[in-house]
Amino acid sequence: MKTVLITGCSSGFGLETARYFLDRDWNVVATMRTPSYDHLPRSDRLRVIALDVTDPDSIWQAIESAGPIDVLVNNAGIGLLGALEGTSMDSARVIFETNTLGTIAMTQAVLPQFRQRKAGVVVNVTSAVTLLPLPLLSVYRASKAAVNAFTESLALELEQFNVRVNLVLPGRAPETRFGENARPHMDGAIPEAYAEMAQGVFAAWGEQTAVTRAVDVAEAVWRAANDPSSPLRLCAGADAVAMAEAN
Ligand SMILES: NC(=O)c1ccc[n+]([C@@H]2O[C@H](COP(=O)([O-])OP(=O)(O)OC[C@H]3O[C@@H](n4cnc5c(N)ncnc54)[C@H](OP(=O)(O)O)[C@@H]3O)[C@@H](O)[C@H]2O)c1
């Protein structure tokens, strides 16, 4: 029986992906900053472990207590919507520490076991917004585009060890806690000079009917984990697929 370790399982895509793999008989190590079994089904194949991807000690302890794993899903992430002029460097650092460096650190932590076993898959959840230049997302897009580039290079480096590295690019998913969790980093993020443009952006989103469901992301992660012939980039959600086609 295979084991998947997923980061950021307290809500949204991570929680849904944990449920999806549990339903399909995998062992699941669901990690979260504040561990809780509350929203997960009871199962002897489930373990919930504390993990903050920005904290090296927390990473080390989580990898130690997880034991051998077959698949790592780097899902934990924070959004940030705002004009660069309204974005504090503290917020920009938190976004990069979590989305970019957190993914790099987690990947580095599992590679020795994957390389030694000549088996393993890393799935990095980035975003379909990296496919198109969009306003008010400069810092967030940069944090995720960096992971795309990281993943593409690493895939070539690890091919010789039979270790795969994949990307899942979700579209916009209003059902998760993403918007709510981004808010603390967005104080003053739309200065007056950008207000009119921001209204246009929000109005365009309001008209958008195609969205991404959490289960679309879980399915894409499942495919990346199980199908060695899956492409390096998998778009998840109807809007993400449309963005890829428009690109
Ligand atoms: N929803 C969207 O529209 C969308 C679109 C494209 C891509 N994405 C990406 O998809 C991923 C999941 O997002 P989501 O929509 O499911 O949002 P979500 O509901 O806010 O879930 C994000 C998860 O990341 C966790 N997290 C944040 N900082 C962390 C840290 N330092 N260490 C460990 N975990 C941390 C959160 O945990 P806490 O509860 O502890 O905060 C939460 O469990 C993110 O990488 C996001 O960038 C989302």
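Mentor: Helix H1 contributes the most to the shell around the ligand, giving 3 residues. Please keep in mind that this is a predicted model.

Trainee: Which residues come nearest to the ligand?

Mentor: Of the 30 residues around the ligand, the nearest are Gly-8, Gly-12, Ala-76, Gly-77 and Thr-176.

Trainee: And which elements give two or more residues to that shell?

Mentor: They are helix H1 (12–23), helix H3 (89–117) and helix H5 (178–182).

Trainee: How many of the shell residues are nonpolar, polar or charged?

Mentor: The shell around the ligand has 16 polar residues, 10 nonpolar residues and 4 charged residues.

Trainee: A new topic, then. What is the phi of Lys-118?

Mentor: Lys-118 has a phi near 50 degrees, which is a positive value in a residue other than glycine. Most residues other than glycine have a negative phi.

Trainee: Where does Lys-118 lie?

Mentor: Lys-118 is in the loop between H3 and strand S5 (120–125).

Trainee: Why does Lys-118 count as exposed?

Mentor: Lys-118 counts as exposed because it has 10 C-beta neighbours inside 10 Å, and the cut-off for exposed is 12 or fewer.

Trainee: What about the phi of Asn-162?

Mentor: Asn-162 is not a glycine, yet its phi is positive, at about 60 degrees. Asn-162 is placed in the loop between helix H4 (138–158) and strand S6 (163–170).

Trainee: Why does Asn-162 count as partly exposed?

Mentor: Asn-162 has 13 C-beta neighbours inside 10 Å, so it counts as partly exposed. A buried residue would need 20 or more.

Note on methods. Residues are numbered from 1 along each chain as its sequence is written. This is a predicted model: local features need pLDDT of at least 70, side-chain atom pairs count only at pLDDT 80 or more; totals for chains, interfaces and linings use all residues. A residue is near a molecule or strand if its C-beta atom, placed from the backbone, lies within 6 Å of it. Helices (H or I, at least four residues) and strands (E, at least two) are DSSP runs, numbered from the N terminus. Ala, Val, Leu, Ile, Met, Phe, Trp, Tyr, Cys and Pro count as nonpolar, Asp, Glu, Lys and Arg as charged, and the others, Gly among them, as polar.
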